[in-house]
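Please read the notes below alongside the model. They cover the metal site, the charged pairs and the sheets.

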Amino acid sequence: MIIRVSRDRLDQVLSLLDKSRVPFRTVRIYNEDLIVTWPDAKVDDKAIKAIDPNAVIIEVKAKYQLASNKWRGRTVIDVNGVRVGGSEVVVAAGPCAVESYEQVRETAVAVKEAGARMLRGGAFKPRTSPYSFQGLGVEGLKILRKVGDEVGLPVVSEVMDTRMVGTVAEYVDVLQIGARNAQNFDLLREVGRTGKPVLLKRGLGNTVEEWLQAAEYVMLEGDGNVILCERGIRTFEHSTRFTLDIGAVVVAKQLTHLPICVDPSHPAGKREYVIPMALAAIAAGADMLLVEVHPRPWEALSDAEQQLTFDMFRELMSKAREVARAIGRSL
Ligand code: PEP
Ligand code: MN
């Protein structure tokens with residue numbers, strides 16, 4: 001349950017819960033103090049109302065509570081002035097990995113010109129093979145931050161390790177949790193403690209319910225700025241790199257108040273597939289896209305086959321604008 005009580009009755013309600021052995025946690029989120037009890041706990045509504053007649057007790061009936069839309073309308077997340085989850089569909093674009101200042105700068109200028117509102121770029125790369133390019137690390141974050149500031153785009157980059165959360169948070173506007181860390185619960189808690197916007201990828205093998213519970217870990221730390229990102233799941237189908245689960249976007253939009261992002265690049269695996277998948281995502285209700293773009297994709301140090309050229313990105317943006325308009329949104 002999610003319980004709202006007036007500030008002057010809070011202590012009394014907490015001691016009642018303590019006495020009744022109800023497991024709970026107080027969370028300050030969206031500028032208000034809430035009591036969150038464990039989902040299966042038996043709470044004596046009447047006793048709480050006796051202490052505070054104005055108390056609001058919301059039963060969510062799901063494994064996640066703060067992430068549910070049973071207690072709150074759509075959340076709009078402000079990323080340095082860029083609003084994610086409102087009527088505008090926000091596009092974040094940039095290279096898979098930060099490779100050099102010039103590469104990021106060139107890309108940032110091109111994607112901004114085409115209408116992107118955020119810059120992406122991995123500095124810590126979760127690579128399947130330890131022999132593959134692992135990213136430039138902190139050097140990469142510095143490049144991303146510098147270019148973001150020069151060009152005027154907020155930046156998003158992945159953090160893979162709890163020990164690096166503080167450092168990555170210093171440089172980026174949005175902390176990305178990769179698909180492979182989607183259930184790294186310590187990492188989720190740690191990014192939640194920063195209070196910063198978090199882009200939470202869905203794990204390759206996670207259900208929608210598991211994905212929302214991952215968001216719950218971040219939110220229980222008081223961070224309500226979670227953007228959920230569908231990026232394709234593992235299925236028997238190998239004609240695409242992963243199976244983009246459009247249905248999950250539709251379902252998640254009906255279960256949570258959090259904004260939903262779609263990354264069409266990683267499920268596509270091939271740049272030829274990215275644009276139609278991006279358009280489908282917007283049509284399905286995605287609030288944001290995360291797209292890989294590289295000045296010369298064929299020379300990229302990671303994900304060379306799926307990164308878009310600047311021309312393709314411009315084509316994506318102009319088509320995406322029309323799809324957004326068709327469903328009453330802007331881009
Ligand atoms: C990425 O977006 O850089 C990335 C590695 O994606 P994922 O975690 O979804 O594979
Ligand atoms: Mn990539």
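1. Burial terms come first: a residue is buried under 20% relative accessible area, exposed over 50% and partly exposed in between, with a 1.4 Å probe and protein chains only. By this rule Glu292 and Asp303 are both buried.

2. On the basis of the note: this is a predicted model, in which local features need pLDDT of at least 70 and side-chain atom pairs count only at pLDDT 80 or more, while totals for chains, interfaces and linings use all residues. Residues are numbered from 1 along each chain as its sequence is written, chains are lettered from A and ligands numbered from 1 in the order in which they are written, and side-chain values use heavy atoms, with hydrogens and water left out.

3. Metal site. Cys96 (SG), His266 (NE2), Glu292 (OE) and Asp303 (OD) coordinate the manganese ion (ligand 2) at 2.0 to 2.4 Å. Donors here are N, O and S atoms within 2.8 Å of the metal (3.2 Å for Na, K and Ca); water is not among the atoms, so the site may look incomplete. The sequence spacing of the donor residues is C-x169-H-x25-E-x10-D. Glu292 belongs to strand β14 (residues 288–292) and Asp303 to the loop between β14 and α11 (310–326), so this pair ties together parts 11 residues apart in sequence. Helices (H or I, at least four residues) and strands (E, at least two) are DSSP runs, numbered from the N terminus.

4. Salt bridges. The structure holds 26 of them, each defined as a side-chain nitrogen of Lys or Arg within 4 Å of a carboxyl oxygen of Asp or Glu. One of them joins Arg120 to Glu292, with the closest N and O atoms 3.6 Å apart. This pair links distant parts of the chain, Arg120 being in strand β8 (residues 118–120) and Glu292 in strand β14, 172 residues apart. Arg120 is buried at 3% relative accessible area, and Glu292 is buried at 0%.

5. Asp287 and Lys253 form a salt bridge at 3.0 Å, N to O. Asp287 lies in the loop between α10 (271–283) and β14, and Lys253 in helix α8 (residues 246–255), 34 residues apart. Both residues are buried. Asp186 pairs with Arg189 at 3.1 Å between the closest N and O atoms; both lie in helix α6 (residues 185–194), three residues apart, about one turn of the helix. Asp186 is partly exposed at 48%, as is Arg189 at 27%. Arg25, Glu190, Arg193 and Glu221 are linked in a salt-bridge network.

6. Barrel. Eight strands close into a barrel in the order β7-β8-β9-β10-β11-β12-β13-β14, with parallel pairing; two strands pair if DSSP finds at least two bridges between them. Three bridges join β12 (residues 226–230) to β13 (residues 260–262), and Glu230 has Val262 as its bridge partner in β13. Helix α8 packs on this sheet, touching β12 and β13, and its direction makes about 170 degrees with that of β13. Contact means heavy atoms within 4.5 Å; axes are lines fitted to C-alpha atoms, for helices over the stretch in contact, and angles run from 0 to 180 degrees between N-to-C directions.

7. Open sheet. Four strands form an antiparallel open sheet in the order β2-β3-β1-β4. β2 (24–29) and β4 (56–58) stand at the edges with a single partner strand each, so one side of each is left without a neighbour in the sheet.
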